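Q: Could we go through this model together and ask what stands behind each label?

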Amino acid sequence: MKKNNALNEKLVDLKSSLPAMILADHFIMRPDMAERYTKHQKDNFQKDVAWILSFLSEAVWAKQPVLFEEFIAWLKTFLSSVRVPMKDVAESIELIQRRINEICTAEENDIINPILSKAIRIILSDEQIVSIPAMDNHLSPLAQEYLDNLLKGNRNSALNLVLDKVKTGSHVKEMYLEIFQPVQYEIGRLWQTNKISVAQEHYCTGATQLVMSQLYPYLFTGVRKERKMVTTCVSGELHEMGARMVTDFFEMQGWDTYYLGANMPIEGVINFLSETKPECLAISATMTFHVSAVEEMIRMIKSSPAVSADLKIIVGGYPFKVAGGLWKNIGADGYAPSAEEAVDLADKLTAA
Ligand code: B12
């Protein structure tokens, strides 16, 4: 795929200068706000502009406007829940568009303008456009009880709920699919809609990681496949539970697994691959602005003489769910939307 690299670089560079310009423009339009805004509000405003640019530059780079549309739908829910008027958000995007139009070439603006105009339409639309993370997660009664315990700070009760189930015959996979994953998504939705704090989100995630580690002895069932796989996240990516869940499903299906977790530098991954010689590498990304880092990681691995040419690289996570076909464009050998399907995919790709 030929990517919009030059325009992407321009937008990335703008992250250092544009936020202050937009804040100044905003104050010219609304002098009352210039007086009312605290330093904290000014900083946040500029961070939001930089964030918008991060998502925009990645969507432009990947030629996947849908990535930006999904982000805007997410932003609309997020800001509405803290009562930011949508008119103000649309105005800020208009200011961004105006400044970008001054800086970019006509050809570049032909790419950017439809994306930003659509974003403004989404923001101002009365229609409820729901981003994937804000969708209702129908929790089973057990998952709801688990979540209620966590939200009350009863980590041990949550742990015992799961351990009792596993000891009385429930499969670990059920716990992952029916409790951990939907509860994590629900925690995200509650945070996004301002119903729980960031501290509660951290507490619940930490507790679930603890519960998952208690299930470790139950993972090693099934016949071994004599095949190895490695899982990693790219540099900067802190969401590691999806990668961990994928790894554990491989382990349960008889693969030997190596879980490297969040925030891995490319050289570290290449060295590890050359030592362990796995048949499959799984790369997980949650934040859209890490997709180009996934592409870079794949490109560097595939061009490294230290890594076997037979290695199959699969990708997954939120942006790949949003943009169908994105996985192919960044050079991966496959994509799967879930841990279960990831194992099936790797089995197929690595079948002799
Ligand atoms: C926990 C959490 C965090 C934790 C992560 C801690 C940890 N140790 O992992 C912390 C606090 C660090 C965090 C930080 C942030 N987060 Co956060 N986070 C979450 C939360 C609530 C849960 C993530 C999770 O555990 N999911 C459960 C796993 C099992 O699901 P999964 O990742 O989708 O994985 C499955 C599939 O996607 C697939 N899969 C995943 N990887 C792979 C790989 C391969 C190869 C394959 C085949 C398949 C596959 O299989 C998995 C299992 O079925 C999500 C909510 C959500 N909807 O995911 C928000 C969420 C992802 N976070 C969000 C945000 C905004 C952030 C921050 C930007 C917040 C901030 N202002 O700082 C930062 C960014 C950090 C960064 N640079 O990466 C938003 C993202 C919104 C968006 N538009 O992009 C979300 C969606 C919350 C929300 N509803 O608004 N977060």
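A: Gladly! The protein chain has 16 helices and 5 strands, where helices (H or I, at least four residues) and strands (E, at least two) are DSSP runs numbered from the N terminus. This is a predicted model, in which local features need pLDDT of at least 70, side-chain atom pairs count only at pLDDT 80 or more, and totals for chains, interfaces and linings use all residues. Residues are numbered from 1 along each chain as its sequence is written.

Q: Why are helix 1 and helix 3 called roughly antiparallel?
A: The axes of helix 1 (residues 5-29) and helix 3 (residues 39-61) cross at roughly 165 degrees and come within 8 Å. Axes are lines fitted to C-alpha atoms, for helices over the stretch in contact, with angles from 0 to 180 degrees between N-to-C directions. Angles over 145 degrees count as roughly antiparallel, so this pair qualifies.

Q: How do you know that the buried residues of helix 16 line one face?
A: In helix 16 (residues 339-349), Ala 339, Ala 342, Val 343 and Ala 346 are buried (20 or more other C-beta atoms within 10 Å of a residue's own, C-beta atoms being placed from the backbone). Seen down the helix axis, they fall within an arc of 95 degrees, so they line one face; the arc is that of the directions from the axis to the C-beta atoms.

Methods. Buried ≥ 20, exposed ≤ 12 C-beta atoms within 10 Å, placed from the backbone. Parallel < 35°, antiparallel > 145°, perpendicular 65-115°, else oblique.
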